[in-house]
Each structure stands twice: as structure tokens, then as C-alpha cells.
Amino acid sequence: SSMQRFTPRRKESSWSQPNIERLKWLDERKLIHPTIREELREVIDRPFLFPEDLMDIFREDPEIWKNFQKLSPGYQRIRVAYIDYARKRPEEFEKRLNNFLEKTRKNELIRGYGGVEKFY
């Protein structure tokens with residue numbers, strides 16, 4: 001067996017969406033130690049806001065939109081956040097967006113790394 005360890009974070013540091021999904025998964029299974037559960041509650045309960053410009057792009061193609069809506073909420077959040085994180089690097093942003101659109105049009109999942117599929 002293995003254990004996921006989340007170390008204390010600096011106030012200004014942010015959580016990646018895969019780590020937020022991991023925390024939600026752990027919390028649903030009551031696997032977060034009670035001494036830190038309340039400390040993490042803010043992170044776990046924070047709603048994910050889908051960027052409206054990306055949602056508009058997904059809606060433009062009926063096939064992409066239909067397939068996107070069938071995806072699990074965790075997968076949607078992880079993949080959209082992954083695209084959104086690259087906004088300051090336009091070439092990378094376009095590459096990630098186009099890959100997601102292509103895979104979603106084909107109704108295929110993008111396989112993650114580090115066992116992230118468990119949280120889809």
C-alpha cells in the first residue's frame with residue numbers, strides 16, 4: 001500500500017486541480033486525518049469556476065459539447081484547469097486546448113500521469 005502526503009503550504013501557494021481532486025477523493029472516504037480536515041475544508045469546498053471562454057469553445061462544436069457533458073466532473077475540472085494554467089504561454093495553451101478538443105471530439109480520454117485517472 002502507499003500513502004499520499006500533503007505537506008503544509010505557504011499562504012500564497014496554490015493547489016493544483018489534480019491535488020484538489022485527490023483531497024476531495026480522500027475526504028469522501030474519510031481518509032484525511034481529523035487534525036487537518038478542517039484546515040483543508042476551504043480547499044475541498046472551493047467551487048471550480050469553468051472559464052467561460054473555454055466553455056464557449058466547447059459549445060461551438062455540438063459533438064465536442066455532447067461528449068464533454070458525458071465526462072465525469074473530476075475529469076472536466078482537471079482537464080480544463082490543465083488548459084487554463086497555460087494561458088500565459090499562448091503556444092502551450094493552444095496545444096493543450098487543441099489536444100483536448102481532438103480527444104473529446106473522438107470521445108476519448110486523455111490519460112494522465114501519476115495515477116490521476118483514479119480521480120476522474
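## The largest cavity

In this predicted model, the largest cavity has a volume of about 40 Å³, and the count of cavities of 30 Å³ or more comes to one. The residues that line the largest cavity are Arg79, Tyr82, Ile83, Arg96, Asn99, Phe100 and Ile110. Two helices each supply at least two residues of this lining, namely helix 5, which spans 73–84, and helix 6, which spans 90–105.

Two arginines of the lining, Arg79 and Arg96, are 17 residues apart along the chain, and their C-alpha atoms are separated by 9.1 Å. Arg79 belongs to helix 5, and it counts as buried because its relative accessibility is 7%, below the 20% under which a residue is called buried.

## Charges over the ring of Tyr82

Which ring has the charged end of Arg96 sitting over it? It is the ring of Tyr82, and the charged end of Arg96 lies 3.8 Å from the centre of that ring. The charged end of Arg79 also sits over the ring of Tyr82, in this case 5.7 Å from its centre. Tyr82, Arg79 and Arg96 are all named in the lining of the largest cavity, so that lining includes the ring and both of the arginines whose charged ends sit over it.

## Aromatic pairs and their cluster

The structure holds six aromatic pairs. A pair of aromatic rings is described by the distance of the centres and the angle of the planes. For Phe58 and Phe68 the ring centres are 4.9 Å apart and the planes meet at 40°, so this pair is tilted. Since Phe58 lies in helix 3 (residues 52–60) and Phe68 in helix 4 (residues 62–70), the pair ties together parts that are ten residues apart in sequence. Both Phe58 and Phe68 are buried, and Phe68 counts as such because its relative accessibility is 2%.

Phe68 also pairs with Trp65, with ring centres 5.7 Å apart and planes at 20°, so that this second pair is stacked. Trp65 and Phe68 are both in helix 4, and because they are three residues apart there, about one helical turn separates them. Ring pairs link Phe48, Phe50, Phe58, Trp65, Phe68 and Phe100 into a cluster; of these residues, Phe100 is also named in the lining of the largest cavity.

Tyr75 is placed in helix 5 and counts as buried, because its relative accessibility is 1%. Ile110 is one of the residues that line the largest cavity.

Thr104 has its place in helix 6, and its relative accessible area of 3% is why it is described as buried. Which residues does Thr104 contact, once its neighbours within four places in sequence are left aside? Thr104 is in contact with Ile64, Asn67 and Phe68, and Phe68 is a residue of helix 4.

## Positive phi outside the helices

Lys30 is not a glycine, yet its phi is positive, at about 55°. Lys30 lies in the loop between helix 1 (17–28) and helix 2 (34–45), and it is exposed, because its relative accessible area is 64%.

Asn107, likewise a residue other than glycine, has a positive phi near 60°. Asn107 is found in the segment after helix 6. Is Asn107 buried, exposed or partly exposed? Its relative accessibility is 46%, and Asn107 therefore counts as partly exposed.

## The chain as a whole

Of the 120 residues in the protein chain, 37% are buried. The protein chain exposes about 8,300 Å², and carbon and sulfur atoms supply 50% of that area.

When contacts in the protein chain between residues at least 6 apart in sequence are considered, 55% of them join residues at least 24 apart.

Terms used
Residues numbered from 1 in each chain as written. Predicted model: local features only at pLDDT ≥ 70, side-chain atom pairs only at ≥ 80, totals over all residues. Heavy atoms only, no water. Buried < 20%, exposed > 50% of the residue type's maximum accessible area, 1.4 Å probe, protein only. Contact = heavy atoms within 4.5 Å. Areas by Shrake-Rupley, 256 points an atom, 1.4 Å probe, with all protein chains shown as cover. Phe/Tyr/Trp six-rings, centres within 6.5 Å; stacked < 30°, edge-to-face > 60°. Helix = DSSP H or I, 4+ residues; strand = E, 2+ residues; numbered from the N terminus. Lys NZ or Arg CZ within 6 Å of the ring centre and 35° of its normal. 1 Å grid on protein atoms, 1.4 Å probe; cavity = no way out; pocket = protein on both sides within 12 Å on 5 of 7 lines; lining within 4 Å. Points joined across faces, edges and corners; volume = space filled by probe spheres on them.
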